[in-house]
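Dear colleague,

Here is the structure I promised to hand over, with the sequence alongside.

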Amino acid sequence: MGIDTSVIWILIIFFSVFMYVLLDGFDLGIGMLFPFTPKKRDRDTMMNSVAPVWDGNETWLVLGGEGLLAAFPVAYAIILSGLYLPLIFMLIGLVFRGVAFEFRFKAKEHERHLWDKAFIGGSVAAAFFQGVTLGGFLDGITVSGRSFAGGPLDWVAPFPLLAGIGVMIAYTLLGATWLVMKTEGELQARMIQVARPFAWLLLGAIVAVSIWTPLRFAAVAERWFTFPNIAFLAPVPILVVLCMALLLRSLARQPFRQPFVLALALIFLGYSGMAISIWPHVVPPAITIWEAASPPQSQGFALVGTLFILPIILMYTGWSYWVFRGKVKHDAGYH
């Protein structure tokens with residue numbers, strides 16, 4: 001029995017995108033939390049908490065995108081054609097944010113507010129259009145044969161825009177719980193206050209998406225609400241409720257790592273639910289992973305290099321977070 005390289009590749013892409021959401025999510029969330037922290041001292045601490053690691057997080061986005069091109073070129077062509085504009089807007093946001101990150105510390109005092117605004121705007125744009133891209137993907141891309149057959153503004157619809165707001169909420173919660181873990185004193189207390197309402201907002205976004213998609217697609221409703229699937233998949237919503245309860249409970253105590261871990265668990269459960277809903281389609285609702293796959297020889301050749309480089313990326317990512325694992329002090333950086 002041969003190895004199904006298409007399944008291996010879709011798992012690699014799934015993992016890469018989740019790692020990007022995990023690592024760059026709290027990073028973008030910090031930018032969206034700037035309006036809640038007007039003091040320069042607090043903003044410096046927030047940026048210092050991610051300064052050693054932020055520019056390596058996009059590695060996973062590149063890996064996911066290039067994996068899609070190598071393993072599923074038909075899907076790559078359709079998805080980029082249908083979602084070209086939100087992807088471009090996302091990249092522009094990332095550029096503004098990256099430039100602002102570097103220039104803010106070098107700017108004169110009277111100019112720093114401009115780079116703060118660029119950092120906020122870039123973070124909001126990148127997070128929102130990532131969500132719009134996800135929502136447009138889940139809402140279905142118009143396909144004729146093996147080509148995109150829709151218009152450039154198909155993504156301007158209620159569900160993609162709702163998904164954009166949902167991703168902003170998720171990233172802001174990740175950023176707040178990251179700062180709960182990384183900071184102390186007044187800033188940490190403020191982030192605890194911010195995290196509570198955003199946790200409820202995230203739960204509301206998960207519920208909204210969970211209701212919308214089964215109503216929109218009969219196949220999704222059948223997958224989740226028919227027997228025996230409903231018995232096998234019931235742990236997903238149960239775990240969402242449990243993680244939410246534990247998150248709120250941990251924020252009411254003396255929190256450290258637990259809120260961040262539980263926020264990540266909520267994101268993972270929502271992400272897994274999305275994957276369960278669309279499987280085995282790589283371009284919902286029309287094209288499966290096998291229909292979009294490149295030849296097995298091409299997938300196998302690219303897989304050899306990917307399986308070699310993936311552990312290296314994991315090792316240096318893990319090492320960087322291990323080295324900078326402590327609290328961030330206002331005037332002394334990592335302690």
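Predicted model: local features only at pLDDT ≥ 70, side-chain atom pairs only at ≥ 80, totals over all residues.

I began with the packing of two helices. Helix H1, which covers residues 5-33, packs against helix H3, residues 59-71, at an angle of about 160°, and the two axes are 8 Å apart. Because angles over 145 degrees count as roughly antiparallel, H1 and H3 are described as roughly antiparallel to each other. The crossing of H1 past H3 is left-handed. On the H1 side the contact is made by Trp9, Ile13, Phe15, Ser16, Met19, Tyr20 and Leu23, which meet Trp60, Leu61, Leu63, Gly64, Gly67, Leu68 and Ala71 of H3. Of the residues in this contact of H1 with H3, 11 are nonpolar and three are polar, while no charged residue takes part.

I then turned to the aromatic residues, for which the structure holds 18 pairs. One of the pairs joins Phe36 and Phe198 in an edge-to-face arrangement, with 6.0 Å from centre to centre and 85° between the planes. This pair links distant parts of the chain, since Phe36 lies in the loop between H1 and helix H2 (40-50) and Phe198 lies in helix H8 (residues 185-216), 162 residues apart. As for accessibility, Phe36 is partly exposed, with a relative accessible area of 38%, whereas Phe198 counts as buried at 14%.

Another edge-to-face pair is formed by Phe89 and Trp155, whose ring centres are 6.4 Å apart and whose planes stand at 75°. Here too distant parts of the chain are linked, with Phe89 in helix H5 (residues 84-104) and Trp155 in the loop between strand E2 (147-148) and helix H7 (158-182), 66 residues apart. Phe89 counts as partly exposed at 32% relative accessibility, and Trp155 counts as buried at 9%. Elsewhere, Phe14, Phe18, Phe268 and Tyr271 form one aromatic cluster.

Finally, is Arg97 buried or exposed? Arg97, which lies in helix H5, has a relative accessibility of 1% and therefore counts as buried, the limit being under 20%. Apart from neighbours within four places in sequence, Arg97 is in contact with Asp27, Leu28, Trp54, Glu58, Ala118, Phe119, Gly122 and Ser123.

Technical notes. Residues numbered from 1 in each chain as written. Heavy atoms only, no water. Axes fitted to C-alpha atoms, helices over the stretch in contact; angles between N-to-C directions. Helix = DSSP H or I, 4+ residues; strand = E, 2+ residues; numbered from the N terminus. Parallel < 35°, antiparallel > 145°, perpendicular 65-115°, else oblique. Left-handed = near helix turned anticlockwise from the far one by under 90°. Contact = heavy atoms within 4.5 Å. Nonpolar A, V, L, I, M, F, W, Y, C, P; charged D, E, K, R; others polar. Phe/Tyr/Trp six-rings, centres within 6.5 Å; stacked < 30°, edge-to-face > 60°. Buried < 20%, exposed > 50% of the residue type's maximum accessible area, 1.4 Å probe, protein only.
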